[in-house]
Amino acid sequence: MKERILKKKQKKESSNRWLRRQLNDEYYIRAKIDGFRSRSSYKLIQINEKFNFLGSRKSILDLGCSPGGWLQIADKFSPNNCKILGIDIIDLKKLPNITFLKKDIFDAEIINKIKDFFDNKKIDLLMSDMSPNSSGNKNLDHIRIVSLVERVLEIANEILDKDGILVSKIFQGGAQGELIEKMKKNLNTIKYFKPKASRVVSAEIYLVAKKK
Ligand SMILES: C[S@@+](CC[C@H](N)C(=O)[O-])C[C@H]1O[C@@H](n2cnc3c(N)ncnc32)[C@H](O)[C@@H]1O
């Protein structure tokens, strides 16, 4: 009983801390004002300001798209006829011009479903802002991060066109050895970028590369 009360108290304190941090966060406030679904929208805006890839895309896939901040930016900056598909394990509240699939990217059927949506044509932009839920176990989290990035690379190999752009969240210290070799084998002009909107305390950085 005592333990349950203590756990409840800790949960409340942590959610109060989260709320205080959000209310003091410039990008959280800007997202509310600008009508974006997440502060992450500004990460994609800043990545695009640096690498300028959104304006000319015909087909975009966003892995781990919910609540939809990146999709909003992809739709805003891409040409009108651009086909956009978002995938996530959690629901996405409807967005105009966007098709959504509620699926795990590890689902065996996912690549076929993506190919069907894009009429079996290769696509020119693959984005992933996915991160696994933290388990509290550093080694397990590391394995999960690496397998997410490996899966993104597998999907990129199947559906991204030559010179198509891959933008993927990775984590500092997350890409090592075999994973870096896989990236070099399949990608060109690999660049790493930490947008200002990414919290300094977060180990996340973004990889921007072209498919070989
Ligand atoms: C940081 S959020 C993405 C925020 C989004 N870019 C935006 O701007 O609103 C990461 C998302 O990745 C999703 N995700 C994590 N693992 C996944 C998986 N295996 N398959 C599909 N989605 C996954 C989570 O459900 C979560 O919604």
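**Ligand site and aromatic pairs**

1. Of the 20 residues around the ligand, those that come nearest are Gly69, Trp70, Asp88, Asp104 and Asp129; a residue counts as near a molecule if one of its heavy atoms lies within 4 Å of it. The model is a predicted one, in which local features need pLDDT of at least 70, side-chain atom pairs count only at pLDDT 80 or more, and totals for chains, interfaces and linings use all residues. Residues are numbered from 1 along each chain as its sequence is written, and side-chain values use heavy atoms, with hydrogens and water left out.

2. By class, the shell around the ligand comprises eight nonpolar, seven polar and five charged residues.

3. A nitrogen atom of the ligand lies 2.8 Å from an N or O atom in the side chain of Asp129. The backbone also takes part: a polar backbone atom of Gly69 is 2.9 Å from an oxygen atom of the ligand, and a backbone N or O atom of Ile105 is 3.0 Å from a ligand nitrogen atom. Taken alone, the ligand exposes 600 Å², of which the protein buries 86% (accessible areas by the Shrake-Rupley method with a 1.4 Å probe).

4. Five aromatic pairs are found in the whole structure (ring centres of Phe, Tyr or Trp, the last by its six-membered ring, within 6.5 Å; planes under 30 degrees apart are stacked, over 60 edge-to-face, the rest tilted). Phe36 and Tyr42 form an edge-to-face pair, at 5.7 Å centre to centre and 70° between the planes. The planes of Trp70 and Tyr206 stand at 40° with ring centres 5.7 Å apart, so this pair is tilted.

How values were computed. A polar contact is a pair of N or O atoms within 3.5 Å; within protein, one must be able to donate a hydrogen and the other to accept it, and residues adjacent in sequence count only if both atoms are side-chain atoms. Ala, Val, Leu, Ile, Met, Phe, Trp, Tyr, Cys and Pro count as nonpolar, Asp, Glu, Lys and Arg as charged, and the others, Gly among them, as polar.
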